[in-house]
Structures are given as C-alpha cells and as structure tokens.
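Subject: Handover of a structure and its findings

Dear colleague,

Please find below the sequence and the structure that I am handing over to you. I would ask you to keep them open while you read the notes that follow.

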Amino acid sequence: MNDGLLSELHISSKNHEEILALLLGSESSFAQAYAGHQFGGFTKLGDGRAIVLGEYLTPLNQRFDIQLKGSGRTLYSRGGDGKATLKAMLREYLISEAMFHLKISTSRSLAVAKTGDLVQRETDQEGAVVARIMKSHIRVGTFEYARQFGSTEDLQALTDYSIQRLYPEVLNEENPTLAFLKKVISAQIDLVVNWMRVGFIHGVMNTDNVAISGETFDYGPCAFMNAYHPETVFSSIDKNGRYAFGNQPNIIKWNMARFAESLLPILHSDPETALKLAQQCFSEFDSIWVQRFYKMMLLKLGIEQQSTELNILVNELLTLMTNLKLDYTNTFLSLTYDIIELNSPMDEPEFQTWLDKWKKTIESSTGFEKAKKVMIENNPAFIPRNHLVEEALDLAVTGNNELITQLLSVLSKPYQYQEDLKHFTTPPPEVFENRYATFCGT
Ligand code: AMP
Ligand code: MG
C-alpha cells in the first residue's frame, strides 16, 4: 500500500484493509476498447486484463482513473487469462514509484494485492493485482479505435471528452482539435526527453501504450540503461531494436503521426486542408525535439545556455561514453561531484581532453558553484538498477520485503547523493547486463 500516494490523493483513511476491500469489492467497473499499432502492425485490442473501477476526484478537483490490472478476463482478453503475476505487479509498483520521484510524468501504483490465484506462466506463480492511478487511460490507440471502427461523431465525442478532461485550455483556440494535437505532441516530446535524461527505456512503445495525458504507463518490459549505448534493448521480443534507447524519439514521432492520422476527419472539414495542418505540425517536430533534447542534456552538464557549439560538446560526450562503455548515470554523477572513481574509464586521456573543454565552458559562464546546483537537480544519483530490481523482486515473492522496501526508500530521493548509499550506484557486472531480458505481459 502506497501511503505517500494515499495522502496526495487526500484519502484520509489509514485503514489498509478498508481501502483494499473498497478496491477489490467494487461492483461497477468496465474494460476499455482500444486498438493500436504493435511493433508497427495495426490490431484491435482492449483492456484484456484490466478494469477501470471509476474516477476519483480529489478535494482539489484533480480527476484520476482508478484501474485494477490483473483482475481477470474481460471482453478483450482474447486467448489470455486476464491475470498478472505478483512479481510483475511489484515491478510496476517499484518502477512507477521510482519514475514519480525522478520527476517524470507517470501512472502510479496505489497498492499491490495478492489474489490467492496461481497464475500459469513458464512456472506457476502467485497472482496479484495492482491498483493503478492515472489522469486518464485514454491512449493513442483509443483514437485509432474510434477512427477505424467508429463514426466521425464518435471521434469528435472522444476528442471533446479528452480536451475537456486533459487539455481544457485549448477550448478557446480557433481550431481546438489542432491545438489538442499540438499539446499531445508537445507532452510526448517532453516525456521522452525526460526518459532519456534518466536512461529509461520504455521497451514497448506501441501506440496503445502511449497516453494522451503524457503520462508514462504500461510498465512491462521497461528497464534502465547502465553503460551508455543508444542501441540498448532489454525486451525479449524487441529483436530489431525498434524500441531501443536511442530510437525512442523516432518512435514517438511515428506514434504521433498515427495519432494525427486518427484526427484527420475532424481536423478540418476539407480533407486536403486537414492533411496540410497535420503535416505542418510534423514539419516542426524535429526542430522542437532537437531544441528540447539538447537543452536537457546541457542542463545535465550544468549549462543553462544553448547553442549549436554547445550541442557539439554533448555529442562528443555521448560518443566518448559509447566508446568507453561509460555508465550513463555515474558519468554525470562523477562530473557533478568531481569523483572520478565512480566511473574510472573517465581517467582515459581522450576523456580528459573533453573534460578540459567542459570545464572551460563552465568557467566562462556561470561558474562551478551554480553549475553544480543545476546538475544536482537534473542528474539522479539513484536509478532502479536492473540487477537490484530483480534481486529485490525475487526476494519479495518469497515473502522477504527487506530489499524492495530499502530500494523504494533510496529511490524516493533519487537526487540526493549519499556517500553511505554508494553501493546503490554500482552498475551490474557486464555479464548480467548482456543476459538481462525483460518481458511484456507477465
Ligand atoms: P501490453 O503489451 O501489456 O500493452 O498488452 C497488449 C495487449 O494484450 C493489451 O490489450 C492487454 O490487455 C493484453 N494482455 C496482456 N496480458 C494479458 C493477459 N494475461 N490476459 C489477457 N490479455 C492480456
Ligand atoms: Mg498495454
């Protein structure tokens, strides 16, 4: 049970049994229909193992969906059992909490509860549900569903509803649908830039897993990158690296193009004008991406200015990190606190040349004191290291919650480096990393 989230939602009851009984005993619930492009191919989908219990309105008028995942078969389960394993649901809880504290827009986990069922996977495992809290579960795939299988009126109704619920500020715009499209694209660019700030690989960026709200969700095969390489992939089914770390910007652009296509019939009454309006949005995409991506990377280096020359400094660092197989998180941590031993390959002469250049840049601008402050805000010291996550989950499913509780605590203050927690910054051995594989619907 997530007490922090309970109080943020202004749920005053401290009685966990009572809250669980409410969640699990709810009689009104529904599964949502949606479609989606999975690894590029269009499919009719839907909540196959999740149900929305309802909406929750906080005293501050913030509206959230409460969803149960792993709650059994629905109309959309196809061949699946509708269930989820305890390990997978604890993984979602742990990583979504970590993402929240990393200051990244995300769904959150209110509680994980064992169901008492045995779930058949490669081996029989304990079943569980997670109660997921999100601004909205409407996704790109919901719009694809409306476009393909509904009428223009349905599509308009879904758009009106989504605007009202998530982006009411666009109602005053001349073309609210166009403004809505731009808002969603912008939110998704911000989200993926933020993922890349902390080395997060979502792993299954199918259009059904892309929320209109701009929240990260569907924590299946996600993982965090240790040694920097843009081609890093952990998902066992992502054989071609479609969702590799460095391909995430291309994919979000592709996904947003599918979203724009779905909106075409209501973007303008004249189809040609509608197409032109959508194309205009995309002609701006790359320059917006480049601007925001380098802004983020420069902040990781403590630099608040922006210029093409400074972007080169970033590119040079990324090339060095690739060649020297530097740990992504620890490189920035070492630069922030000037502790090379956290990442010893930084001692290499080629790195020293870059380091001198970076130091000169800082000296000639804001100076180190200010830069350090900016770097602390933008570079996490602690991320959910893959090997620690696995170890914690393997222990938790045997009833030993010691490590998962410790991890949740460390990851609740990811930007506060503490010398005595140094072992949480150690990357896994290369052999672990090379064999590490993550899975979707476990
Ligand atoms: P995901 O890869 O988690 O986004 O899932 C893709 C689709 O498969 C979604 O429509 C899920 O609802 C469905 N799905 C995943 N796992 C199961 C399961 N165990 N039973 C039924 N449907 C599932
Ligand atoms: Mg999904």
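The model contains an open sheet of four strands, whose order is β3-β4-β6-β5 and whose pairing is antiparallel. The strands β3 (50–57) and β5 (108–120) lie at the edges with a single partner strand each, so one side of each has no neighbour in the sheet. From one strand to the next, the twist averages 20 degrees. Please bear in mind that this is a predicted model.

Strands β3 and β4 run antiparallel and are joined by seven bridges. Within this pair, Glu55 has Asp65 in β4 as its bridge partner. The two strands β3 and β4 form a hairpin with five residues between them, and Asn61 in the turn has a positive phi of about 70 degrees.

The next pair consists of β4 (residues 63–69) and β6 (residues 124–134), which are antiparallel and share five bridges. Here Ile66 is found opposite Ile133 in β6. Helix α2 (residues 16–24) packs on the sheet and touches β3, β4, β5 and β6, and its direction makes about 65 degrees with that of β5.

The remaining pair is β5 with β6, again in the antiparallel sense, with nine bridges. Val119 stands opposite Gln125 in β6. These two strands, β5 and β6, also form a hairpin, with three residues between them. When you look at the side chains, please recall a general point: in a regular strand they alternate between the two faces of the sheet.

I turn now to the helices. Two packed helices are described by the angle between their axes and the distance between the axes.

Helix α7 (residues 248–267) packs with helix α8 (residues 271–283) at an angle of about 155 degrees, and their axes are 9 Å apart. Since the limit for this description is an angle over 145 degrees, α7 is therefore roughly antiparallel to α8. The crossing of α7 past α8 is right-handed. On the α7 side, the residues that take part are Lys253, Met256, Ala257, Ala260, Leu264 and Leu267, and they meet Ala274, Leu275, Leu277, Ala278 and Phe282 in α8. The residues of this contact comprise ten nonpolar, no polar and one charged.

Helix α7 also packs with helix α4 (residues 140–149), at an angle of about 35 degrees and with the axes 9 Å apart. This crossing of α4 and α7 is left-handed. From α4, Val140, Phe143, Glu144 and Arg147 meet a set of residues in α7, among them Asn255, Met256, Phe259 and Leu264. The residues in the contact of α4 with α7 divide into seven nonpolar, two polar and four charged.

Finally, I would draw your attention to the charged side chains. Side chains of opposite charge can pair when their charged atoms come close. How many salt bridges does the structure hold? There are 23 salt bridges in the structure. One example is formed by the side chains of Asp47 and Arg139, with a distance of 3.6 Å from N to O. This pair links distant parts of the chain, as Asp47 is in the loop between β2 (41–44) and β3, while Arg139 is in the loop between β6 and α4, 92 residues apart.

With kind regards

Key:
Residues are numbered from 1 along each chain as its sequence is written. Chains are lettered from A and ligands numbered from 1 in the order in which they are written. This is a predicted model: local features need pLDDT of at least 70, side-chain atom pairs count only at pLDDT 80 or more; totals for chains, interfaces and linings use all residues. Side-chain values use heavy atoms; hydrogens and water are left out. Two strands pair if DSSP finds at least two bridges between them. Axes are lines fitted to C-alpha atoms, for helices over the stretch in contact, and angles run from 0 to 180 degrees between N-to-C directions. Contact means heavy atoms within 4.5 Å. Angles under 35 degrees count as roughly parallel, over 145 as roughly antiparallel, 65 to 115 as roughly perpendicular and the rest as oblique. A crossing is left-handed if the near helix is turned anticlockwise from the far one by less than a right angle, and right-handed if clockwise. Ala, Val, Leu, Ile, Met, Phe, Trp, Tyr, Cys and Pro count as nonpolar, Asp, Glu, Lys and Arg as charged, and the others, Gly among them, as polar. A salt bridge is a side-chain nitrogen of Lys or Arg within 4 Å of a carboxyl oxygen of Asp or Glu.
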